[in-house]
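Student: I would like to learn how to read the packing, the interface and the charged pairs of a model. Can we go through them one by one?

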Amino acid sequence: MAQLLIPVVVVAYVTGIVLAVVGTLKRSGAARGASAVALGIACSGQLALLVGLGIRSGRLPFSYSFELFATLGWAVLLAYLVVLARFRVHAAGVVLPPIAFALSVIGFWNLPEARLDSTWVRPVDVLHVHIGLATLGMAAFFVAAAMSFIYVLQDRALKTKRGWAWVERLPPLDRADRAGLEAMLWGFPLFTVAIVLGLALNASARGAWLSAEAKQLFPLLAWAVFAGVLAARLLRGFRGRRAAYLTIAGFLLGLLTLIGVRA
Amino acid sequence: MSTVVLIGASHRSAPLEVRERLALGDREVLEGLPDVIGRDGIEEAMLLSTCNRVEYVVLASDPAAAGDALRGELRGRADLPASRFDPCVYELRGAKAVRHVLAVASGLESMVLGEPQIFGQLKHAAVLARRAGTLGAGLDAVLRSAVRAAKRVRTETEIGRHPVSMAFAAVQLARRVFGSLKVRHALLVGAGKMGGLVAAHLRSAGVGEIAVVSRRYETAATAASRFGGVARRWDDLGDALGWADIVVCGTAAPEIVLDFETMRDAVRVRRGRPLLIVDLAVPRDVDAAVQQLEPVYLYDVDDLDGIVDQGRERRRGEIRKADVMLDAELDAYHRRLAGRGVTPTLVAMRDRVERVAETELARARERLGPLSSSQEDQVGRLVRAVCRKLLHEPTVHLKRSAGRRPSEVERLCSEYRAIFGLEGGDPSSGRRDVRARDAAEDATCEDVDGGRGPDSP
C-alpha cells in the first residue's frame, strides 16, 4: 500500500506546489484551484501513510525524529489548507507547501525500517500526546510565521513604495495579519498543553521539572515569546511589523526544538 | 456576399467639438437606425455613440455605397465643411472593420487603455440595435466575437489591472492594505473635487461607510450627499481618525491639517489597526513624518503619480499580448463564418443519404418479410453505419475547406451538391427522384444482361 501511496503523494505535492507558484505569478484562479485539490490529495495520502506507519509499528508515529518530521510536514500542509480555505491567502502556497514537502521527504526518506518493530514506547502514551500536540502547535506556528513573513514583505513594499509589481501577488496586509493571528490562537493552546505535559513527564522521569536540554529550553522560550505577543496583541493592540518579527522569532525558537529530539 | 463596414470618428481622429456634434442619445439612435437599413445595400446596422467615439457598424452588400451614404449622413449631422470634417472620419471594411470592433470592445482603442466601460457601452449599442430591429445574424456574429475577445483580453492580460488614474491608484492601495473594502470606513478630510472622485471610486469598490469632515459643516453635508456618506463636524476629526481605515485628504488649507501629534494620538486610539492616508492636497495636508508611525501608510500626489505611471507602462506592455488574442479571435470569426457557408450543404447531404437509406430499408423489408426485433435492430445499425462511414470523408473534406476563400467554398459546395444529387426540388420530390433514378438503373441492368442484374449468378 505504501509503495502505491508514496508516488501518488509525491506527485500530488509537486503538482500542487508548481500550480501554486503558477497561480500566484500568473494570477490564475484555475491554477490555484487545481493546486488546492492536488495538495488536498497529498494531505490525505500522507495521512494514510502515517496511519499505516502507526499500524505497522503498533504505536503513534512520534517516537523518532524522522517520524516527527513526516508528521510535522503533514500538519503544516493541513494547517496551510485550513488557512487557505479561511483567508484565501494563495501566495502562502509558494512558501508553506514546499516546507511541508521538505519536512515530509526528510521524514519518510530517513525512516529506518528496523525501528518499525521497536517497542520502545507503549502504543498510546502521555509522551505521544505531548509530542502530537507540540507537532500540531508547531504546524500552526509555521503558518503564523509564514503569514508574518508575508506581512513584513507587504509592509515594506507599502512603506517604501517600491516593488509594486510583485506586491500585488501577495495577500493584502490585513488578511495576512488576521490569518497569522488565527494560526497563533490555534497553535498556542495546543503548544501550552504540550509544554505542560512535557514538564510533567520530565518531572516524572528525572525528578525535576526543568533540565538544561535543547528540547526543553527552546520550546519554553518559544512559548514565552508567543505568550507575550498574544497578550500584547489581544490586550493592548500590539500589531504591525514588530509583532510580525516577534512571531517569526518565536517560531524559529520552536523549530530549534527539533535539534534536541531523539534521532 | 455582404461585408462589414465601419465608419466613424473617435478621440484619436476628431477633436471634442466635432465628436459632440455627432453624438446621439438612445432615443435618437433608436429612431435613426431603421432609416439606415435598405439604403445603399445596408442590411444590418448598429451605432456606438459615446463621449469618445461615434461609429456606425453595418453589414452591406455594396460596401462602397454604404460607406458613402453613412459618411454623408455623419457630415450632415456634424454640419461642417468637408475640409474640416473629412479628416476626422475613418472607414474600415471587412476584416479590418471586424478587428477594430474587437479592439474597441477590449479597451485597446480607449482613451484610457484597457478601461472597462467601453465593453458595457458596446453591449448597450447592441441592445439598442436589437430593439430597433436592425441587428441580424451577421453583426451578431461580430459582436459575439467582440465579447469573446474582450473577455480573453481582460482575463489573460493585465491590460485592465493597473491604475491609470490617481483615484484608481488610491482604491488599489486600499485593497493592498485591507483586501475587501466591505467593512472598511473612509474619511474625507475636505470637500475638494479630487477627494470626491476618490470617494466615488471607493464607493464603487464597495467601501462600507464614507464620512466627510470639513471646516464648514454645510460643505461636508453637500459633499457627503453626493456618494451616500455622512457629514461630521470638524471638532470630531480626532474621533473620526480613530474610526476610519482610509483617510483621503484634500483641503485647500495652506498649512498642515494632520500633524504628527494628532496622528500619533489617533494611532494610539486605533490599537494597531492599519491606516491608509491618501494626501491629495498641494501643499500637503499631512505631515510627512506621519509615515514613520506604525502601521500608517501615507501616500501623497507624487507617490500616486508614480503608481499611475507604472500602471500605464504595464498596460502598454500588455498590448502585444492582447493583439495576438485579437488576431486569434478574428481567425476564429472567419472560420465560423466560412463554416456557416458549408453547413446547409452538409445538412442536405446527410438528409439525402438518410432518405436513400430509409427507402432501401423499406424495400428490403418488403423482400425479406417480417424480421424479429433483434434482426430489425441489426439491419438498422448496419445501414446507419454504412451511411456514416460513407459520409465521413466528404464531411471532413468540406469542413476543412470551410476556411478557404468564399468563392472556392461556394464552388466546392456546388460540386458536392451535384455529386449527391442535391440540386433543386423539395425533400418529397427528392424521394421520387431517388426512386426514379433507381428504377432507371435496374432497367438498364436487366436490359444489358437479359433480365439479370449485375450481381445475379
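Student: Which residues is A:Leu77 in contact with, leaving aside its neighbours within four places in sequence?

Tutor: Contact means heavy atoms within 4.5 Å. By that rule A:Leu77 touches A:Tyr13, A:Leu39, A:Ala42, A:Cys43, A:Pro97 and A:Ala100, its neighbours within four places in sequence being left aside. A word on the basis: this is a predicted model, where local features need pLDDT of at least 70, side-chain atom pairs count only at pLDDT 80 or more, and totals for chains, interfaces and linings use all residues. Residues are numbered from 1 along each chain as its sequence is written, chains are lettered from A and ligands numbered from 1 in the order in which they are written, and side-chain values use heavy atoms, with hydrogens and water left out.

Student: Which members of the largest nonpolar core touch the most other members?

Tutor: Definition first. A nonpolar core is a set of buried Ala, Val, Leu, Ile, Met, Phe, Trp, Tyr and Cys residues joined through side-chain atoms within 4.5 Å. Buried means under 20% relative accessible area, exposed over 50%, partly exposed in between (1.4 Å probe, protein chains only). Here the largest core has 92 residues, and A:Leu77, B:Leu202, B:Ile246 and B:Leu276 touch the most other members. Another core, of 64 residues, lies apart from it; B:Met46, B:Leu70, B:Val98 and B:Leu113 are among its residues.

Student: How many disulfides does the structure hold?

Tutor: A disulfide is a covalent bond between the sulfur atoms of two cysteines. The test is a pair of cysteine sulfur atoms within 2.5 Å. The count over all chains is 0.

Student: How many residues does each chain bring to the contact, and what area do chain B and chain A bury?

Tutor: The size of an interface is often given as the accessible area lost when the parts come together. The rule uses a 1.4 Å probe and sums the loss over both parts. Chain B and chain A bury about 2,300 Å², 46% of it on carbon and sulfur atoms. Chain B brings 29 residues and chain A 26 residues.

Student: How many salt bridges cross the interface of chain B and chain A?

Tutor: A salt bridge needs a side-chain nitrogen of Lys or Arg within 4 Å of a carboxyl oxygen of Asp or Glu. Between chain B and chain A there are 5. One of them pairs B:Glu158 with A:Arg169, closest N and O atoms 3.5 Å apart. On the chain B side, H8(B) gives the largest share, 6 residues.

Student: Where do A:Asp174 and A:Arg178 lie?

Tutor: Both sit in helix H7 (residues 173-206) of chain A, 4 residues apart, about one turn of the helix. Helices here are DSSP runs (H or I, at least four residues), numbered from the N terminus. A:Asp174 is buried at 4% relative accessibility, whereas A:Arg178 is partly exposed at 37%.

Student: Which parts of the chain does the pair of B:Asp327 and B:Arg99 link?

Tutor: The salt bridge has its closest N and O atoms 2.8 Å apart. The pair links distant parts of the chain: B:Asp327 is in helix H14 (residues 319-368) and B:Arg99 in helix H5 (residues 95-105) of chain B, 228 residues apart. B:Asp327 is partly exposed, at 37%.

How values were computed: Buried area = accessible area lost by both parts, 1.4 Å probe. Helix = DSSP H or I, 4+ residues; strand = E, 2+ residues; numbered from the N terminus.
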